[in-house]
Amino acid sequence: MIKHIVLWTFKDDSSESAKQDNINTIERKIWELKNKIPGILKLETGKNVTLSAEAYDLALYCEFENLTDLEIYQKHPAHLALVELLKNVRDKRAFIDYEV
């Protein structure tokens, strides 16, 4: 099994409400991937609830049966469209893919 975890911070270019709108939009679009891309066994998102300046704003956790399914996910047009959207609103990104 492959576990895929991604963390993002979002740009503070405008108001806090605009930043929260971007986070909400991305989270909704992430959940839409579950029905569009085969091979996602589990999908979970979470918004940061702490006030630490070092915390990330949004997390994604996915499980896949194998690396092939992860690669299908990463190359799927719906995922690539989300990546393009994220480029406009995210600041930092961190991720890890690991096998259990």
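Which residue in strand 3 is the bridge partner of Ile2? I looked it up: Phe64 is the bridge partner of Ile2 in strand 3.

**Ground rules**

I am working from a predicted model, where local features need pLDDT of at least 70, side-chain atom pairs count only at pLDDT 80 or more, and totals for chains, interfaces and linings use all residues. I number residues from 1 along each chain as its sequence is written, and side-chain values use heavy atoms, with hydrogens and water left out. My helices (H or I, at least four residues) and strands (E, at least two) are DSSP runs, numbered from the N terminus.

I found 4 strands in an open sheet, ordered 2-3-1-4, with antiparallel pairing. I took two strands as paired if DSSP finds at least two bridges between them. Strand 2 and strand 4 (90-99) stand at the edges with a single partner strand each, so one side of each has no neighbour in the sheet. On average, neighbouring strands are turned by 10° against each other, direction ignored. For angles I used axes that are lines fitted to C-alpha atoms, for helices over the stretch in contact; angles run from 0 to 180 degrees between N-to-C directions.

I then checked the pairings of strand 3. Strand 1 pairs with strand 3 in the antiparallel sense over 7 bridges. His4 has Cys62 as its bridge partner in strand 3. Strand 2 is also joined to strand 3 by 7 bridges, and these two run antiparallel. Here Lys42 has Glu63 as its bridge partner in strand 3.

Is strand 3 largely enclosed or open? It is largely enclosed by the rest of the structure, because 6 of its 7 residues are buried. I called a residue buried under 20% relative accessible area, exposed over 50%, and partly exposed in between (1.4 Å probe, protein chains only).

**Entry: the core**

I listed the largest nonpolar core. By this I mean a set of buried Ala, Val, Leu, Ile, Met, Phe, Trp, Tyr and Cys residues joined through side-chain atoms within 4.5 Å. The core has 21 residues, and Trp8, Phe10, Ile26, Ile30, Leu60 and Tyr73 touch the most other members. Two or more residues come from each of strand 1 (2-10), helix 1 (16-36), strand 2 (40-47), strand 3 (58-64), helix 2 (67-75) and helix 3 (77-89). I noted the general rule: in soluble globular proteins, nonpolar side chains tend to be buried together.

Leaving aside neighbours within four places in sequence, Ile30 is in contact (heavy atoms within 4.5 Å) with Trp8, Leu43, Thr45, Leu58, Leu60 and Leu82.

I found Leu86 in helix 3. Leu86 counts as buried at 5% relative accessibility. Leu86 and Trp8 are 78 residues apart along the chain, yet their C-alpha atoms are separated by 9.2 Å.

Leu70 is in helix 2. Leu70 is buried too, at 3% relative accessible area. Not counting residues up to four places away in sequence, Leu70 touches Ile2, His4, Phe64 and Asp97. I also checked Leu70 against Arg90: 20 residues apart in sequence, 22 Å apart in space, C-alpha to C-alpha.

**Entry: rings**

How many aromatic pairs does a search of the whole structure find? I got 1 aromatic pair. Phe64 and Tyr73 form this tilted pair, 5.1 Å centre to centre with 50° between the planes. My cut-offs: rings of Phe, Tyr and Trp (its six-membered ring) pair if their centres lie within 6.5 Å; planes under 30 degrees apart are stacked, over 60 edge-to-face, the rest tilted. Phe64 is buried at 0% relative accessible area, and Tyr73 is buried at 1%.

I also found the charged end of Lys92 over the ring of Tyr56, 5.3 Å from its centre. That call needs NZ of Lys or CZ of Arg within 6 Å of the ring centre and within 35 degrees of the ring normal.

**Entry: after strand 4**

Last, I looked at Val100, in the segment after strand 4. Is Val100 buried or exposed? Val100 counts as exposed, at 58% relative accessibility. Val100 is in contact with Met1 and Lys3, leaving aside neighbours within four places in sequence. Val100 and Ile2 lie 98 residues apart in sequence but 6.4 Å apart in space, C-alpha to C-alpha.
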